[in-house]
Amino acid sequence: FMAFSLGFTQSADLDEFERYGVPVMNMLTSRQSAAEWAASDMGITPDRVSTQLNSPERAGANEPMLVATTEKVDGSDTTRTQPIVERVDAAVKRMKRWLALQQKPNADKHVAFIYFSTPPGKGYLGASYLNLMPSLVNLVRRLREEGYTTGRDIPDEPELIDMLTKTGRNIEQWAPGELAEMARITTLVPMAKYRTWYARMPREFRTAVELVWGPPERSQLMTVTGADGGRSFVIPGLRLGNVFLGPQPLRTTYDRAVDLQHDTLTPPPHSYIAAYLWYRYEFMADAVVHMGRHGTLEWLPGKHVG
């Protein structure tokens, strides 16, 4: 809390953090009440961004999470700091995940690398201002050197391009034959399984998604119908042992991309949600690394900071 104000950038403190080998998480408190915070799109007010977010991040404190608000006591001018229970729980879970990563052998860790690959198309495998293919090859090689499980053989750059062209790209609705071909060789999430995962999401979120995209069964993006008539979501990507390489899912159809790509009000489609739920519940990712200048996560509905 208030790490930057307390001068944790002093050399003695830095030595202590390095000795323990731990990240420094930035816990935020708001001057707003819980009601004001809940109604705010910003999360924390603009005048607090510099001191609570920018300065601590430059000093090395990351993962900002707002965990408390400021409440008046019995209608008086006296105030107290009040924890937001759900946010405190989230922070504790996050810390426990860091501890699990620290203690887990590298060979057992599952890591997903998600590259920002848009617009969809056969000739585009990129990550917005990042030379993607050599970057991925170098990453996988380094992971193997560090003891991660990366499969039997690490592909070179031409091999990786060929493999990801077949399995690791988004396919639009105008190419159902190509999507069906990919569905034969990549991961599928049956509608029943998605329904189970989707039911764990907050009711408000599910309501917002279905107001725009309808129920899961009406999904069209990256969705195929099997011989038995059952619907499944196609999860594009390539598994190399415990490492997954795949494109960030499409936020919308190509004809609506200009309108919705940076729309902070429209929720993601079911195929987008299905991919992230697969990373979590079936691939069991210990870490998800987004590659490229940016992606679409920061434009999804929700608070900008905190």
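Helix α7 (residues 176–183) has L179, M182 and A183 as its buried residues, where buried means under 20% relative accessible area, exposed over 50% and partly exposed in between, with a 1.4 Å probe and protein chains only. These residues lie on the same side of α7 because they cover an arc of only 105° around the axis, the arc being that of the directions from the helix axis to the C-beta atoms. This is a predicted model, in which local features need pLDDT of at least 70 and side-chain atom pairs count only at pLDDT 80 or more, while totals for chains, interfaces and linings use all residues. Residues are numbered from 1 along each chain as its sequence is written, and side-chain values use heavy atoms, with hydrogens and water left out.

**Helix α7 and its cover**
- The elements that cover the buried residues of α7 include α6 (157–167), β5 (187–190), β6 (223–225) and β7 (231–235).
- Contact means heavy atoms within 4.5 Å.

**The chain**
- The chain has eleven helices and ten strands; these are DSSP runs numbered from the N terminus, helices being H or I of at least four residues and strands E of at least two.
- The radius of gyration is 22 Å, close to the 19 Å that the globule rule gives for 306 residues, so the chain is as compact as a globular protein of that length.
- That radius is taken over C-alpha atoms, and the globule rule is 2.2 Å times the number of residues to the power 0.38.
- The C-alpha trace spans about 65 × 45 × 30 Å along its principal axes.
- Of the 306 residues, 43% are buried.
- Among contacts with a separation of 6 or more, 71% are between residues 24 or more positions apart.

**The second largest pocket**
- The volume of the second largest pocket is about 300 Å³.
- Its lining has 14 residues, of which G21, V22, P23, W98 and L99 lie nearest the centre.
- Elements giving two or more residues to this lining are β1 (24–29) and α4 (85–103), and α4 provides the largest share, five residues.
- A pocket is an open set of points on a 1 Å grid over the protein atoms alone, where a 1.4 Å probe fits, with protein on both sides within 12 Å along at least five of seven lines; lining residues have an atom within 4 Å of a point.

**Positive phi**
- E63, in strand β2 (residues 61–72), has a positive phi of about 50° although it is not a glycine, and is buried at a relative accessible area of 16%.
- M284, in the loop between α11 (270–281) and β10 (287–291), has a positive phi near 60° and is partly exposed at 49% relative accessibility.

Terms used. Grid points are joined across faces, edges and corners, and a volume is the space filled by probe spheres set on the points.
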